[in-house]
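Please walk through this structure in order: confidence first, then strand pairing, then the packing of side chains.

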Amino acid sequence: MVVSYTQEHVYRHPWHRVTAAAWRKFTDPAARAADSGALSHILDVHTLSRDVDAVSGRLRAVRAIAGRTPPLPLLLRGLVAGGAAGGGDVVVLCVERTDVDAPARDMRVASRNATLRGLVDVQERCSYEPHPARPDEWTLFRQETTIRCAPLAAVAAKLAELVERRCAERFTQNADRGKEVVERICQDLAVEEDSYTHSTERLW
């Protein structure tokens, strides 16, 4: 079975600000705060490679992101190597590939889990583009997610459906929280930009 869904969101901020905020999302201390952080399930982020083409203005980067999964059903915990944590959640490693074309104002992000694929395979593709109605002021964000539960003999069809549904619910929640974090960082960046502009004006 496969669960797929697509979401769109309009950020009322210009493309350069939204993409800068998106880069900071997983490393933002407030977002990852253990008690109330919107992205507290993110444990660590490492940049594996980064390449900038000075001629074309394109940036390509690969990051590894470690995070906690939603609690797994009891029957599935024994299928996960090392077992699940006390609450039934485990650590999963994802690989995120980002391609930014700055001159064209286009940013695309593709991510997929590198671990637990024997149980569930999650692929996500996101894009950030200037909004067609207000390209200099707003940014259109699209997110496509596909969740596929592996056809393991030990996993009954109903159980596989439960895993897919639970994963879809958690990914939807995390996506909503991620958008909230990007919105907040955009607002912080807007304040910084305004402060810089006013400081420059005073110099002249």
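Contact here means heavy atoms within 4.5 Å. By that criterion, and not counting residues up to four places away in sequence, M107 touches W15, T19, A22, W23, T98, D99, V100, C126, S127 and Y128.

The coordinates come from a predicted model, in which local features need pLDDT of at least 70 and side-chain atom pairs count only at pLDDT 80 or more, while totals for chains, interfaces and linings use all residues. Residues are numbered from 1 along each chain as its sequence is written, and side-chain values use heavy atoms, with hydrogens and water left out.

The pLDDT is the predictor's confidence in each residue, from 0 to 100. Its mean over the protein chain is 82, and 75% of the residues reach 70 or more. Helices (H or I, at least four residues) and strands (E, at least two) are DSSP runs, numbered from the N terminus. Where pLDDT is low, the predicted coordinates should not be read in detail.

Two strands pair if DSSP finds at least two bridges between them. Strand β7 (residues 139-149) pairs in the antiparallel sense with strand β1 (residues 2-11) over 10 bridges, and Q143 in β7 is the bridge partner of Q7. Strand β6 (residues 120-130) also pairs with β7 in the antiparallel sense, over 11 bridges; here D121 has R148 as its bridge partner.

A nonpolar core is a set of buried Ala, Val, Leu, Ile, Met, Phe, Trp, Tyr and Cys residues joined through side-chain atoms within 4.5 Å. Buried means under 20% relative accessible area, exposed over 50%, and partly exposed in between (1.4 Å probe, protein chains only). The largest such core has 23 residues, of which M107 and Y128 touch the most other members. Elements giving two or more residues to this core include α1 (15-24), β2 (42-53) and β3 (58-68). Helix α3 gives the most, with 5 residues. Apart from this core lies another of 5 residues, among them V120, V122, I147 and A168.

Leaving aside neighbours within four places in sequence, E96 is in contact with F26, A61, V62, R63, I65, V109, A110 and S111.
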